[in-house]
Amino acid sequence: MLATAGTLLSAAVTVLAVLLGLYTMMLVGRMRGKHGVQAPAVTGAPEFERAFRVQMNTLEQFVLFLPLLWLATLYPVVSGYLAPGLGLIWIIGRVLYSLGYMADAAKRSTGFLIAGIAVLALLVLSIVGIVHAWLVTRPV
Amino acid sequence: MLATAGTLLSAAVTVLAVLLGLYTMMLVGRMRGKHGVQAPAVTGAPEFERAFRVQMNTLEQFVLFLPLLWLATLYPVVSGYLAPGLGLIWIIGRVLYSLGYMADAAKRSTGFLIAGIAVLALLVLSIVGIVHAWLVTRPV
Amino acid sequence: MLATAGTLLSAAVTVLAVLLGLYTMMLVGRMRGKHGVQAPAVTGAPEFERAFRVQMNTLEQFVLFLPLLWLATLYPVVSGYLAPGLGLIWIIGRVLYSLGYMADAAKRSTGFLIAGIAVLALLVLSIVGIVHAWLVTRPV
């Protein structure tokens, strides 16, 4: 079950998502150093605060994205490539969001929207997949 | 394995938990607009700050809840309905917490307690399930 | 598949990680009481702020750690004990980090490094495991 093309691709997307998370964490650390913001403070310099918000927002989205990616992967409908494909779009959206936000808080919208649409598509796909699996197996 | 009644119900509970997470995120966005709190600031208006704390606390609980829900689901004991049932109680508790906190910071306790008890029950259920699976299969 | 020694040990490590998360959350609650920091405020006393940063940092690491632990567990290479073993090292590192940070913000480095190395090892192990599974099964 875990060695289908779709599942292995979703595993690869999960690794990319973790790398994105690690990147946003290291960015916060770098900005702490650059602007001399001593832990535990989380305010003090706009560029540090943007990096901190990028990290927190990535974290917030990450924990919703990952369960949906795997529900859509493990209860596939239409094609096993759909879930990892949407996962890849999410990654691209979040990279654009991070780069945009660091350039200017107002430039975070495009990436945010792309990733948001991918999450909503995964949400719909998960619901359809669960309902479909229930109707096919009729477990009760 | 993923098409039992318990597993499909836990998948449905996971979708509900993600919807709760999305709701608390959108609430923060709405409060940003209502009170003119510009990103990356996370302070400035009590109602915004309550929405922000609701989101953060939901996130904190969500990441502990989800692994326990799935451990208890995949290593079932007594009944496969127990884990998703406790998951549903967690959702109800977190909705009450969110509504209570937004009304008044002091009104967040009831929902917090209900969700907390559900998490502790899932924790016990997970431990029992893992120990039970080990004793049954004796993998080493 | 979920009843191998490696999988059951990773399930046990997951329970320990959740307990660590619960501990850091309860620490914040205790510090709120001790220093009279009323919700939704998250500043006001250095010891409270350290506890809050311990919780947030644990949360940030937790959500990256858990997917890697399970990818490395479900796509094993070399030995099924490797992933849960690294998971246990991560737990130890994060406990040292928490105790160190609460004593003095400067004392958080050792535990942070130990846990960081465990996460990077799990990252490498996950990538190797996914590539290995792909090469063995050639799903497309």
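Reader: How many residues of chain B are in contact with 19 residues of chain C?
Author: This is a predicted model, in which local features need pLDDT of at least 70 and side-chain atom pairs count only at pLDDT 80 or more, while totals for chains, interfaces and linings use all residues. Residues are numbered from 1 along each chain as its sequence is written, with chains lettered from A and ligands numbered from 1 in the order in which they are written. Taking two residues as in contact if their C-beta atoms, placed from the backbone, lie within 7 Å, the number on the side of chain B is 21.

Reader: Which helix of chain B gives the most to the side of chain B that touches chain C?
Author: Helices here are DSSP runs of H or I with at least four residues, numbered from the N terminus, as are strands (E, at least two). Helix 2 and helix 4 of chain B each supply at least two residues of the side that touches chain C. With 10 residues, the one that gives the most is helix 2 of chain B.

Reader: How many nonpolar residues does the side of chain B that touches chain C have?
Author: Ala, Val, Leu, Ile, Met, Phe, Trp, Tyr, Cys and Pro count as nonpolar, Asp, Glu, Lys and Arg as charged, and the others, Gly among them, as polar. By these classes, the side of chain B that touches chain C has 2 polar and 4 charged residues, and its nonpolar count is 15.

Reader: At what angle do helix 4 of chain B and helix 1 of chain C pack?
Author: Axes are lines fitted to C-alpha atoms, for helices over the stretch in contact, and angles run from 0 to 180 degrees between N-to-C directions. The axes of helix 4 (residues 109-137) of chain B and helix 1 (residues 5-35) of chain C are 10 Å apart, and the angle is about 160 degrees.

Reader: Are helix 4 of chain B and helix 1 of chain C roughly parallel or antiparallel to each other?
Author: Angles under 35 degrees count as roughly parallel, over 145 as roughly antiparallel, 65 to 115 as roughly perpendicular and the rest as oblique. With an angle of about 160 degrees, the two helices are therefore roughly antiparallel.

Reader: How many charged residues are in the contact of helix 4 of chain B with helix 1 of chain C?
Author: Helix 4 of chain B contributes L123(B), S126(B), I127(B), I130(B), A133(B) and W134(B), while helix 1 of chain C contributes L8(C), A11(C), A12(C), V15(C) and V18(C). By class, this contact has 10 nonpolar and 1 polar residues, and the charged ones number none.

Reader: Which residues in helix 2 of chain A meet helix 1 of chain B?
Author: The axes of helix 2 (residues 46-74) of chain A and helix 1 of chain B come within 10 Å and cross at roughly 155 degrees. On the side of helix 1 of chain B, the residues are A11(B), T14(B), V15(B), V18(B), G21(B), L22(B) and M25(B). Those they meet in helix 2 of chain A are E60(A), L64(A), P67(A), L68(A) and L71(A).

Reader: Is A17(A) buried or exposed?
Author: A residue is buried if 20 or more other C-beta atoms lie within 10 Å of its own, exposed if 12 or fewer, and partly exposed in between, with C-beta atoms placed from the backbone. A17(A) lies in helix 1 (residues 5-35) of chain A, and, not counting residues up to four places away in sequence, it touches F62(A), F65(A), L66(A) and I91(A). Because A17(A) has 24 C-beta neighbours inside 10 Å, it counts as buried.

Reader: Which helices of chain C do the buried residues of helix 3 of chain C pack against?
Author: In helix 3 of chain C, the buried residues are A83(C), P84(C), L86(C), G87(C), W90(C), G93(C), R94(C), Y97(C), S98(C) and Y101(C). Within chain C, they pack against helix 1, helix 2 and helix 4.

Reader: What phi does V78(C) have, although it is not a glycine?
Author: V78(C) lies in the loop between helix 2 and helix 3 of chain C, and it is exposed, with 11 other C-beta atoms within 10 Å. Most residues other than glycine have a negative phi. V78(C), not a glycine, has a positive phi of about 65 degrees.
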